[in-house]
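Thank you all for coming. Please look at the structure on the screen while I talk, and keep the sequence beside it.

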Amino acid sequence: IIPACCIPACCIPICCIPACCIPACCIPACCIPTCCIPACCIPTCCIPACCIPTCCIPPGCIPPCCIPPCCIPTCCIPACCIPTCCIPACCIPTCCIPTCCIPACCIPACCIPTCCIPTCCIPTCCIPACCIPACC
């Protein structure tokens, strides 16, 4: 018997871990020592990889996205969870190409691998034939 765990919600055998006897965390899915952080005790977020205080945002609790720079609600798109692409302006599914994750280039028209040259990221220039530095 652990006195701190004698809370009706916490008297679940898997939840009787001293670190986890926080009423908000006494949810079977959340009784993982690394996940017993009050801000993280959201059933969808109780995935070991996601129990990082900055990542406990329900839309962000997707394992590939539980990387601190990617835990921005607008960036929690599995295809976009590439650390270099987790820039709010670049979290557009068509723009999550590592070579294109340059803020100035994260314009849907410009997210073409051959066009991701900072000097060429002008919507009117993002035409494959025009993405030559001398032509931008």
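This is a predicted model: local features need pLDDT of at least 70, side-chain atom pairs count only at pLDDT 80 or more; totals for chains, interfaces and linings use all residues.

Let me begin with a question: what is the handedness of the link of C40 and C56, and how many degrees are there about the S-S bond? The link is right-handed, and the angle about the S-S bond comes to 85 degrees.

Residues are numbered from 1 along each chain as its sequence is written, and side-chain values use heavy atoms, with hydrogens and water left out.

Now, a disulfide here is a pair of cysteine sulfur atoms within 2.5 Å, and by that rule the count is 20 disulfides. I will take you through some of them, starting with the pair already named: C40 and C56 form a disulfide with 1.9 Å between their sulfur atoms, and both of these cysteines are buried. By buried I mean under 20% relative accessible area, while exposed is over 50% and partly exposed is in between, with a 1.4 Å probe and protein chains only.

The next example is C25 with C41, whose sulfur atoms lie 1.9 Å apart in a disulfide. This link is right-handed, with 90 degrees about the S-S bond, and C25 and C41 are both buried.

Which cysteine sulfur is nearest to that of C76, a residue that is in no disulfide? It is the sulfur of C65, at a distance of 5.2 Å. C76 itself is buried, with a relative accessible area of 10%, and C16, by its value of 33%, is partly exposed.

Finally, let us return to the neighbourhood of C40 and look at a proline. P53 is exposed, its relative accessible area being 54%. If we leave aside the neighbours within four places in sequence, P53 is in contact with I37 and C40, where contact means heavy atoms within 4.5 Å. P53 and P38 are 15 residues apart in sequence, and from C-alpha to C-alpha they are 9.0 Å apart in space. So in C40 we have a buried residue that is in contact with the exposed P53.
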